[in-house]
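Today I'm going through the salt bridges, pair by pair.

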Amino acid sequence: LVLDSQSSPEERDRAEVEALGALHGLFRKMIDLLPTAEAPMQVALVDLLLRYGRTFLPDPNAFTGVVSSSSSSPPATSTGEAELSDDHTLLLRVLTGLLQSQSKAVVISAISALFYLAPRRDPAALLSSSSAGAVEEKGKASEWMKAASKAGLRTLRIADSETKGVLLEVLTPLIHALPELFRPSVKQFFIQWSDSTALRLLKLDILIALTDEMSVAAILRECQAYIQWGADTGGFV
């Protein structure tokens with residue numbers, strides 16, 4: 001498919017799928033390269049594998065419980081979660097290994113990929129149906145997400161301001177999906193005087209997501225301090 005400036009979004013999407021499809025025979029080789037590649041190459045490979053995975057691998061967090069007979073995806077289990085193939089599981093294990101990288105960029109890219117490609121909840125007790133037939137998430141966070149959250153919190157402690165902004169953008173959907181993994185470390189998301197406006201807004205969104213009965217008092221006290229900052233300086237954000 002040849003694209004030009006007049007190509008429609010649908011044509012561009014189709015061209016990307018075709019381009020990613022050319023990687024079918026290289027998928028395992030790219031996974032094998034990940035652990036030993038230089039950090040910039042690891043980031044590039046993870047980005048490519050993430051796009052490939054979101055296009056061709058079954059979504060382990062799609063709770064439909066129904067698979068069309070014409071679907072190319074594996075059949076769903078009784079919990080509604082698609083069975084992970086050996087290649088899919090290998091990719092997740094290699095991505096988890098990258099969480100130990102000395103490169104913050106590699107860690108951030110691995111966290112992002114795990115969020116989209118790994119099960120977020122333990123599949124042993126993932127779903128239950130309400131009386132109205134709605135699907136409700138239950139069960140503990142998966143080991144993949146526990147590892148990703150620990151790496152994110154560890155990196156956040158040592159990151160500079162610019163890296164914190166990128167990391168928090170990656171962590172935000174994970175925090176919204178699994179706030180229980182981050183509530184014990186809520187103080188790491190308290191706003192610092194030196195934080196930029198963008199960083200302050202990210203942290204405020206995260207603090208809202210982390211608020212529960214146990215943390216609400218501490219977060220309210222912190223927000224009162226932010227209000228005082230605004231009174232003293234003429235504006236908080």
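Is R121 buried or exposed? I looked this one up before anything else, keeping in mind that the model is predicted. R121 comes out at 12% relative accessibility, and that makes it buried because the cut-off is under 20%.

Next I checked the partner. R121 makes a salt bridge with E180, N to O at 2.8 Å. This pair ties together distant parts of the chain, 59 residues apart: E180 sits in the loop between α7 (161-177) and α8 (197-210), while R121 is in the loop between α5 (104-117) and β1 (127-129). E180 has a relative accessible area of 32%, so I noted it as partly exposed.

Then I went to helix α3 (residues 39-56), which holds both R51 and D47. Their side chains form a salt bridge at 3.4 Å, N to O. I counted four residues from one to the other, about one turn of the helix. I get 34% relative accessibility for R51, so partly exposed. D47 is partly exposed too, at 39%.

Last stop was helix α6 (residues 143-158), for K146 and E143. The closest N and O atoms of this salt bridge are 3.3 Å apart. The two residues are about one helical turn from each other because they are three residues apart in the helix. I have K146 down as partly exposed at 26% relative accessibility, whereas E143 reaches 58% and counts as exposed.

For the tally, I wrote down six salt bridges, among them the pairs R121 and E180, R51 and D47, and K146 and E143.

Methods
Residues numbered from 1 in each chain as written. Predicted model: local features only at pLDDT ≥ 70, side-chain atom pairs only at ≥ 80, totals over all residues. Heavy atoms only, no water. Salt bridge = Lys/Arg side-chain N within 4 Å of Asp/Glu carboxyl O. Buried < 20%, exposed > 50% of the residue type's maximum accessible area, 1.4 Å probe, protein only.
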